[in-house]
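Let's take a walk through a protein structure together.

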Amino acid sequence: MRHIFYLILFISTAVFAQHEEQKYTLFYENDQFELTADHHLILDTIKSIVEKDSVDVHIKGYTNSIGSSKYNLELSNKRADPVKEELRAFTIISSTGYGELNSPASANRRVDILVHNKRFHVAEVGEIVIEPVKEPVIEIEAADLIENPKVGDKITLQGIMFYMDRDVIMDESKEALEDLVRFLKRNPKLKFKLIGHICCGDPMKPYMDLKNVRTGKSNLSEARAQALHNYLVKQGIDKRRIRYFGMAFRQPTGEGDQFDRRVEIEITSID
């Protein structure tokens with residue numbers, strides 16, 4: 001039975017000035033602790049917070065009451081730990097498993113992620129503060145893709161261009177696309193995300209995507225990432241290696257429209 005996943009979009013960091021805390025919940029099947037595609041959708045939304053230095057993140061893993069207390073404590077920690085690793089760009093406060101809750105209900109198989117402005121944090125005795133790890137961002141042409149990729153590397157594919165207001169890749173991108181395909185075929189164990197961005201968004205509503213005039217749908221950043229996904233699959237790249245999504249205007253570069261209108265590739269694992 002599938003659960004409803006609660007997804008709260010951050011409009012801007014100004015939200016934290018009005019609300020002390022936002023809560024996200026990841027639900028799990030029985031005995032499971034690995035992150036699913038649905039979990040990643042929620043985690044990617046949290047990661048899209050621009051002013052990461054302004055917030056703290058608390059991660060709390062739980063289980064239901066089925067099983068021994070020792071097993072449930074271990075399982076709750078196994079659920080909390082991967083979430084912590086995904087959110088290392090934030091200051092994390094006491095990420096831990098709390099074991100079982102007093103009910104066999106499936107809703108207790110979960111990880112709660114609490115996010116609040118640092119100025120609302122109340123220190124507790126014994127809490128553990130994990131300082132953030134800055135994610136590397138490598139802005140290079142596709143022709144110069146790194147030879148020794150690492151998990152977490154993010155590469156801006158500046159040579160891959162789209163027609164204005166469309167998810168159609170321009171012919172001028174041919175060379176960059178070929179370079180990207182060669183890179184991915186040289187690294188067959190590499191899995192990655194394609195992240196689409198738009199220019200010219202509303203800074204007060206960065207979550208709002210623009211209209212794709214080819215389809216009429218307001219999902220331009222995602223559609224561009226999907227277009228690149230489809231191209232790579234046609235070139236023989238296994239679709240199981242790829243995830244894609246759109247960030248709308250949540251991560252402008254501050255360097256102008258041509259830099260904001262982009263697709264990035266982020267390495268998620270190397271098996």
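Which residues in α4 meet which residues in α5? Keep in mind as you look that this is a predicted model. On the α4 side you'll find L177, E178, L180, V181 and L184, and they meet L228, Y231 and L232 in α5.

Now step back and look at the two helices themselves. Helix α4 covers residues 174-186 and helix α5 covers residues 220-234; their axes are 11 Å apart, and the helices pack at an angle of about 60°. That angle makes α4 oblique to α5, because roughly perpendicular would take 65 to 115 degrees. As for handedness, α4 passes α5 in a right-handed crossing.

Next, let's turn to aromatic rings. Searching the whole structure turns up one aromatic pair. The partners are Y62 and Y98, with 5.8 Å from centre to centre and 25° between the planes, and the pair is stacked. Why stacked? Planes under 30 degrees apart count that way.

Where do these two tyrosines sit? Y62 belongs to strand β2 (residues 55-63) and Y98 to strand β3 (residues 91-100), so the pair ties together parts that are 36 residues apart in sequence.

Are the two partners buried or exposed? Y62 has 12% relative accessibility, so it counts as buried, since the cut-off for buried is under 20%. Y98, with a relative accessible area of 43%, is partly exposed.

Methods. Residues numbered from 1 in each chain as written. Predicted model: local features only at pLDDT ≥ 70, side-chain atom pairs only at ≥ 80, totals over all residues. Heavy atoms only, no water. Axes fitted to C-alpha atoms, helices over the stretch in contact; angles between N-to-C directions. Helix = DSSP H or I, 4+ residues; strand = E, 2+ residues; numbered from the N terminus. Parallel < 35°, antiparallel > 145°, perpendicular 65-115°, else oblique. Left-handed = near helix turned anticlockwise from the far one by under 90°. Contact = heavy atoms within 4.5 Å. Phe/Tyr/Trp six-rings, centres within 6.5 Å; stacked < 30°, edge-to-face > 60°. Buried < 20%, exposed > 50% of the residue type's maximum accessible area, 1.4 Å probe, protein only.
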